[in-house]
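The sequence and the model are shown first, and notes grouped by topic follow.

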Amino acid sequence: MKIIKKIPVKQVLTEESKKQLSQDFQARYQRYDRECQQLRFEQRKLEKRSDISPSEIEKRFTQEIKRRKENMNWVEYKLQQLEILPEGSELFIEEVEAIVEVQEGAKWDEIYEHQTIVIKDGIVIQAR
């Protein structure tokens, strides 16, 4: 039998990877900021010509803007952490799914043990 298991991917920080991650985080922050501005524009436009109540419009758009602001705060936090972490540190970047073979008599703890993929400058250096 085969099962799907989530495996964390960690990146070893180097000078180059820190620069790349910083650029990625800044681009993500700017994208969320643009989305907030676009949502505010759409909200004003909808309030002027809509038959939907202004309070309902405001409620919907406020939720979406709030969600993006939370994402912006999270990205800011990640940028701050990136500045603090020394080179050589491992930083969680994502989770991937893997197919794992399960056979009768196998020890569940060994199958479902916490495995990790470690990359450095875009190259897998460990699969543990």
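Predicted model: local features only at pLDDT ≥ 70, side-chain atom pairs only at ≥ 80, totals over all residues.

A residue counts as buried when its relative accessible area is under 20%, as exposed when that area is over 50%, and as partly exposed in between. By this rule arginine 68 is buried, because its relative accessible area is 14%.

- A search of the whole structure finds six salt bridges.
- Side chains of opposite charge can pair when their charged atoms come close.
- Glutamate 64 forms a salt bridge with arginine 68, and their closest N and O atoms are 2.7 Å apart.
- Because glutamate 64 and arginine 68 are four residues apart in helix α2, about one helical turn separates them.
- Glutamate 64 is partly exposed, with a relative accessible area of 30%, whereas arginine 68 is buried at 14%.
- Glutamate 56 and arginine 60 also meet through their side chains in a salt bridge, at 3.5 Å from N to O.
- Both glutamate 56 and arginine 60 belong to helix α2, where they lie four residues apart, about one turn of the helix.
- Glutamate 56 is partly exposed, its relative accessible area being 30%, and arginine 60 is likewise partly exposed, at 49%.

- The side chains of arginine 128 and glutamate 90 meet in a salt bridge, with a distance of 2.7 Å from N to O.
- This pair links distant parts of the chain, since arginine 128 lies in the segment after β4 and glutamate 90 in strand β2, 38 residues apart.
- Arginine 128 is partly exposed, with a relative accessible area of 45%, and glutamate 90 is partly exposed as well, with 35%.
- One network, made by salt bridges that share partners, joins Arg31, Glu35, Glu64, Arg67 and Arg68.

**The largest pocket**

- The largest pocket holds about 230 Å³ of space.
- It is lined by 15 residues, of which Gln11, Leu21, Asp24, Phe25 and Ile93 are the closest to its centre.
- Helices α1 (15–49) and α2 (54–84) and strand β2 (90–101) each supply at least two residues of the lining.
- The largest share of the lining comes from α1, which gives seven residues.
- Sorted by class, the lining of the largest pocket has six nonpolar, four polar and five charged residues.

**Aromatic rings**

- The structure has one aromatic pair.
- A pair of aromatic rings is described by the distance of the centres and the angle of the planes.
- The charged end of arginine 31 sits over the ring of tyrosine 32, at 4.9 Å from the centre of that ring.
- Arg31 is also one of the residues in the salt-bridge network.

**A loop residue with positive phi**

- Aspartate 121 has a positive phi of about 50 degrees, although it is not a glycine.
- Aspartate 121 is found in the loop between β3 (117–120) and β4 (123–127).
- With a relative accessible area of 43%, aspartate 121 is partly exposed.

Conventions:
Residues numbered from 1 in each chain as written. Heavy atoms only, no water. 1 Å grid on protein atoms, 1.4 Å probe; cavity = no way out; pocket = protein on both sides within 12 Å on 5 of 7 lines; lining within 4 Å. Points joined across faces, edges and corners; volume = space filled by probe spheres on them. Nonpolar A, V, L, I, M, F, W, Y, C, P; charged D, E, K, R; others polar. Phe/Tyr/Trp six-rings, centres within 6.5 Å; stacked < 30°, edge-to-face > 60°. Lys NZ or Arg CZ within 6 Å of the ring centre and 35° of its normal. Buried < 20%, exposed > 50% of the residue type's maximum accessible area, 1.4 Å probe, protein only. Salt bridge = Lys/Arg side-chain N within 4 Å of Asp/Glu carboxyl O.
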